[in-house]
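Here are my notes on this one, as promised. Have the model open while you read, and check each point against the residues named in it.

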Amino acid sequence: MYDWLNERLLIASEETYRDLSNIQGKVMKHRTFEAEIQANKERLDNICESGNNIAEEKPQNRPEIEDRLEKLNVKWQELSDASKQKGTKLGDAQKQEEFNTGVQNIQQWFTEIEQTVVTHEKATDLTTATRLYQKHKMMEKEILARRQRMQELNSQAQDLVDAGHFDPNAVEETRIVMEERVDAMAAPLSEKGVELERTLGYFQFNRDVDDDEAWIKEKEPLLQSTNYGNNLFEVQTLQKKHKTLCAEIAIHEAHKDAICKRGQELVDSEHPEAEQVAVRTQDLQEKYDNLKKLSDAYKGQLDLSLQAKQYYYDAAEAESWMSEQELNMMGDERGKDEASANAMLKKHETLEAAIADYSETVNELGDTANALVESEHPESEPVKKRQAQIEKLYEGLKDLAEERRGKLDETLKLYQLQGEIDDLEHWIAQKEVVAGSQDIGQDLAQVELLIEKFREFARDTTNTGTERVAATNAVCDQLIGTGHSDAATIAEWKDQINESWAVLLELIETRTKMLEAARELHKFFYEAKEVLAMIHEKENLLTDDLGRDLNSLHQLQVVHQGFEADLAPLGNQVVAVQEEASRLQGSYAGDKAKEIQAKEDEVVDAWKRLNWRVKQRTERLHDADDLYRFLLAVQDQMLWMNDMLKQILTYEKAKDVPGVEVLMEQHQTRKVEIDAREDSFQDVVKMGKVLIDRNHYATPEINEKLDMLNRHKDELSLEWDKRWEHLQLVLEVMQFARDAHMAEGWMIAQEAYLKNENLGSDLNEVEQLLEKHSNFEKLVNTQEERFQALERLTTYELREGKRRKMEQERREREERERKEREERERQEQLERIRRQEEEELRRREEEEARRRSEQREAEQRAKDEAVVVAEAEGVEGAPDERDTDESVTEGKMEGYLYRKPTMDAPNRRAPIRQWKQFYVVLHDMSLHFYKDQKTARVEHEAAHSLPSAEGFVEKATDYTKRKNVFRFRTSAGQEFLFQAKDEEDMKLWIKHIQESIHEEAAGKDASPGKKTDKGKGGSGIFGKRRSKNLEKEEKK
């Protein structure tokens, strides 16, 4: 032991920590070394304990023993201190290696940045200048982030020095070199930023000047046009367009001033292209002033054109109105009836008054024409001629009005007579509708009511109609006798009235006969309906109740037998309905015959269905009887198996080997009883299978009972085997204890002989003692096999050793899988970050291309609209109203989180408890998990989701293996741990999940039984917000 301690002390004293190569392996090796030392602590304790025991037995050797034990303890303490000190220095070396790695990464990155700064890429246009400037800004942001990392490394270096690192000079030197290199790069980076900003300003100025000059060039042709409008609407349209153009010019003036100001700033800053900038600025100002002059000149021409076109418009309105009135006067329309004739006469009177009032309008037009002539307007002669035409047209209109009035008075009298004749024809037509009705009622009571009402109708119609027809014939004869100009038309009206009256009388007689025949038919349907209702009543009395047990089932069978006896009278009524249907079918044909046959078939079918249900009810009662007998047999078997299982699971503790043998004998007795019950068990199974084979209505329940019976039987056999195996193990342990006790007793009995210090006083006594000792050795040899048997491992020990070995192998396998999984996840994370950076660069390029395309399209649309406006004719267009299409993006909380399942259900741990990263979206009261951000953005289905409703979320203060971890538990009992990027991100997630839970609870309280209608957008958990984790990932 002492040599081993010296050997290990030499190893602990080696300064391997000074070489930082493979420091991780050295740390792991030292941990194994410390574990080996701790494993030998028990060995040292055993040696000390054995030494103390020997010292107590042999006091004469105590000083030597204590001296050696003291040396061992001192050496052990030296080894422990040396191991602890080496472990501390290896930890410092490991931290130094991590620090050096961080510094190396920083320096490698700054080397790449220095190469980028040294590279001078010249911008040739606005796009490349913008790209270079944005790239430079991104570089500055990355440098700022790296400086934060440098501060962390400086803090780490200071911590190593303050903690008494074994090589502080190397750490400090590395830190100083890193800071000097970063500081040296600040000035070139700033100079390059200023240069890129000036270049971008120059190209942006050129682009804005080009855009304004193109706009001025586009508007100049509109102001140089000689088109001043051909009519009032065109002139007004041109004035509105010109007003719009003037407003646009005013707006562009502010934009022009801003461009000129930026150009002056470039000149003042002594830009290399300052001369060109000044020239372009002056040229732009001159073009804009020329555009304003053209606008003023065009406005004056439009005002002159508006005066003439306003007169022509008013004159055209007057001519149009008078021409329209002439058409009304020249028409031969006399009206279609008396009301229209009266209306036309009144309308004509109104027109005459309007014509008289219109003289004021004609006079106003004359005044306007005289004013234009006196002011020497360029179009004064055409205006004078136009006014003379209008006055002549007005005089002719008044003459036509007088002629039209005489014709309308002559027409009114004829329509008065026609109104009286039409009213009589309408009355006869109304009565024909009633007399020609095909309604024969829906039942017997209704048809009898119809017969009574129609008798009253026929009596009243005959009396009133006779008087009105006679009076009308007298009026017609009087008008024909006076020689009316339309006598032929009046005679025709008289014949039509007399013919209609004869048709009405014939319809009344036909309707009376039809109602009498319908009474017999409805009486048949009434009786058939009564029989059908009785059948349905009997059918409703049939229930599906099969009782709760055999006694209630027998009572239901007795009731069913009485029900079958009550069906005989109902059968006689069904036969009577069939005979009446046969008689009626001889009197009817077509649809009525089919309806009678259908009603008869309905009654017969209902009767057959009732008989079928009675028969089915009888069969189901028999099946229920068999089912209850089967269930009783299953219950008996279950009670016996539960009792037997209870006996098996009642563990009695044995105190010795005979007690164990008694328990095993009792257990075997139970096995015999189980085998004896096998026949009755198979009978029950056979009974159930017979019921299933004949398609019993309770087949699922029977299958369930058979499965339950088989499961309990298998469980009983399994528990018996487990108990038997346990008893065998107990017997083996008891036998070992008995043999060990006997061996120990034998050894104790022999100790007295071995402790005897009598070595004999003479030769004979010594020979006797030798012979006795020889016999004792033979006795010991005979007991050797007995002791070897005790040293053999028991079955329990062998099983326990095998279990420990399998557990060790499982832990090693899980550790290997964990390391492989972590390495794979790290590689996937790096690849995902690289893809995101590429996607971001591509998105920005696409955005720039899209912006340029939209700008070109906007310019093209402006040109097209200008062309359309210039070519529009005739109608003043109202300004377009364009609805704003508000694209509302549904809000969400999202970001990357690491997740670890801990519980699958209440009191059940998750089988796989490993950390895995997901892109998580909190949306619609649920947490949706995606593989990455791209999958979530293109609206793929989530890999899976967790409802947040009625859930619980809190900070996982009891979990210390990782930082920034919170716990989420669903209403179903599932529990998960989530790790956020930092503490602020963790608090943000907890806050929004709690808001989601409270929102759901508030919605249920406000509208019980209804879903809460939540709008899109908004704030809270549905606002457009992202986690800090996601923002950092996008910046990278």
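1. Overall picture. Keep in mind that this is a predicted model. The chain has 25 helices and 8 strands. Of its 1036 residues, 32% count as buried. If you look at contacts with a separation of 6 or more, 77% of them join residues 24 or more positions apart.

2. As general background, nonpolar side chains tend to be buried together in soluble globular proteins. Here the largest nonpolar core has 24 residues, and the ones with the most contacts inside it are Ile421, Ile428, Ile497, Leu504, Ile508 and Leu515. The largest share, 9 residues, comes from H13.

3. Leaving aside residues up to four places away in sequence, Ile421 touches Thr472, Cys476, Trp493 and Ile497. Apart from this core lies another one, of 22 residues, with Leu200, Tyr202, Leu238 and Leu266 among them.

4. H17 against H18. Packed helices are described by the angle between their axes and the distance between the axes. Helix H17 (residues 591-649) and helix H18 (residues 657-676) have axes that come within 11 Å and cross at roughly 165 degrees. That angle is over 145 degrees, so H17 and H18 count as roughly antiparallel. Their crossing is left-handed. On the H17 side the contact is made by Trp640, Met644, Gln647 and Ile648, and on the H18 side by His667, Arg670, Glu673 and Ile674. By class, that contact divides into 4 nonpolar, 2 polar and 2 charged residues.

5. H10 against H11. For helix H10 (residues 338-357) and helix H11 (residues 359-374), the packing angle is about 25 degrees and the axes are 4 Å apart. The angle is under 35 degrees, so this pair is roughly parallel. Ile355, Ala356 and Asp357 of H10 make the contact with Ser359, Glu360 and Thr361 of H11. The classes here are 2 nonpolar, 2 polar and 2 charged residues.

6. Ala737. You'll find Ala737 in helix H20 (residues 699-755). Its relative accessibility is 41%, so Ala737 counts as partly exposed. Ala737 and Asp656 are 81 residues apart along the chain, yet their C-alpha atoms are separated by 8.9 Å.

7. Most residues other than glycine have a negative phi. Which way does Asn695 go, positive or negative? Its phi is positive, near 55 degrees. Asn695 sits in the loop between helix H19 (678-693) and H20, and at 67% relative accessible area Asn695 is exposed. Asn964 also has a positive phi, near 55 degrees. Asn964 lies in the loop between strand S6 (952-955) and S7, and with a relative accessible area of 24% Asn964 is partly exposed.

8. Thr970. Is Thr970 buried or exposed? Thr970 belongs to the loop between strand S7 (965-969) and strand S8 (975-979). At 7% relative accessibility, Thr970 counts as buried. Not counting residues up to four places away in sequence, Thr970 touches Leu946, Pro947 and Gly951.

Terms used: Residues numbered from 1 in each chain as written. Predicted model: local features only at pLDDT ≥ 70, side-chain atom pairs only at ≥ 80, totals over all residues. Heavy atoms only, no water. Core = buried A, V, L, I, M, F, W, Y, C linked by side-chain atoms within 4.5 Å. Buried < 20%, exposed > 50% of the residue type's maximum accessible area, 1.4 Å probe, protein only. Helix = DSSP H or I, 4+ residues; strand = E, 2+ residues; numbered from the N terminus. Contact = heavy atoms within 4.5 Å. Axes fitted to C-alpha atoms, helices over the stretch in contact; angles between N-to-C directions. Parallel < 35°, antiparallel > 145°, perpendicular 65-115°, else oblique. Left-handed = near helix turned anticlockwise from the far one by under 90°. Nonpolar A, V, L, I, M, F, W, Y, C, P; charged D, E, K, R; others polar.
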